[in-house]
Amino acid sequence: MLLDRAAALATKINTYQKLKNTADEADLFGTRAKQFETVSQLMAGLRETLSTLTDAGVPVDFEPNDGLGFAAKARLLREAIKEDPAKVSDPPFDIKHAFTDRLNGIASAGHKAASAAWKAYVDKRAAFGADEVLSALGQVPQFRVSVAKIRQIRGEVAGFGVSLPADPKAAIASLDALVSQHETAWKSLAASDIPSSVVAFIRAAASSDALLSAYTSEVQAWLESRSLLGAFRIKLR
């Protein structure tokens, strides 16, 4: 009777151990699956981001470190697990430190490069120049409404560079529209009681297109009378 009980207990212990081992293996498989799923989503997201920016005409200067090496590791791991699923618990290399963590780093660096490329693109589109001229014009009552409109447009353009857009092409189309509005606002800059030569000079100076010949005595006198001479600079082309 005692021996029978001992044998039954041994069977139960053996069954329990098998179940425990199976549960441990299941946990390990689950952990690996989560690791691969997370890094896969990150890499897919990076690829999508880089592709949409490039398609929109905003190339990103990014080259992942040892990209071919990680691709080779992925193939090695896939073949090893395909041949023997138990390899998931005994992989040919450290999956976390030598693979998934490194890929996470690549994804993070890629998104930073993409953000920097997009911001540089927006900054270039927002390089309207002549902030000093705009500030000076804001002191002239006749120009305040126009200056406020121009500032509003500039602020909206600059706002596009804060974060990566979900649809770069749509964002660029909106930028194009704002830049066009900005150009129209400058061209429409006028005041009935301000000499046309002064208005023409200010418009040209704002886009760095003013010629020295346009700086007439009438323009000089008007600017001097309003203490605006310091807002302008002469530059060689």
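This is a predicted model: local features need pLDDT of at least 70, side-chain atom pairs count only at pLDDT 80 or more; totals for chains, interfaces and linings use all residues.
**Packing of α3 and α6**

Two packed helices are described by the angle between their axes and the distance between the axes. Helix α3, spanning residues 95–125, packs with helix α6, spanning residues 168–187, at an angle of about 15°, and their axes lie 11 Å apart. Because angles under 35 degrees count as roughly parallel, α3 and α6 are roughly parallel to each other. The crossing in which α3 passes α6 is right-handed. On the α3 side, the contact is made by W118, Y121, V122 and R125, while α6 contributes P168, A171, I172, L175, D176 and V179.

| Residue | Relative accessibility | Class |
|---|---|---|
| H182 | 4% | buried |
| Q220 | 31% | partly exposed |

H182 lies in helix α6, and its relative accessibility of 4% is why H182 counts as buried. Leaving aside neighbours within four places in sequence, H182 is in contact with F128, I150, I153 and R154. With R154 there is also a polar contact, made between the side chain of H182 and the side chain of R154 at 3.0 Å.

Q220, by contrast, is found in helix α8, which covers residues 217–225, and at 31% relative accessibility Q220 counts as partly exposed. The C-alpha atom of Q220 is separated by 8.6 Å from that of V198, a residue 22 residues apart from Q220 along the chain.

How values were computed: Residues are numbered from 1 along each chain as its sequence is written. Side-chain values use heavy atoms; hydrogens and water are left out. Axes are lines fitted to C-alpha atoms, for helices over the stretch in contact, and angles run from 0 to 180 degrees between N-to-C directions. Helices (H or I, at least four residues) and strands (E, at least two) are DSSP runs, numbered from the N terminus. Angles under 35 degrees count as roughly parallel, over 145 as roughly antiparallel, 65 to 115 as roughly perpendicular and the rest as oblique. A crossing is left-handed if the near helix is turned anticlockwise from the far one by less than a right angle, and right-handed if clockwise. Contact means heavy atoms within 4.5 Å. Buried means under 20% relative accessible area, exposed over 50%, partly exposed in between (1.4 Å probe, protein chains only). A polar contact is a pair of N or O atoms within 3.5 Å; within protein, one must be able to donate a hydrogen and the other to accept it, and residues adjacent in sequence count only if both atoms are side-chain atoms.
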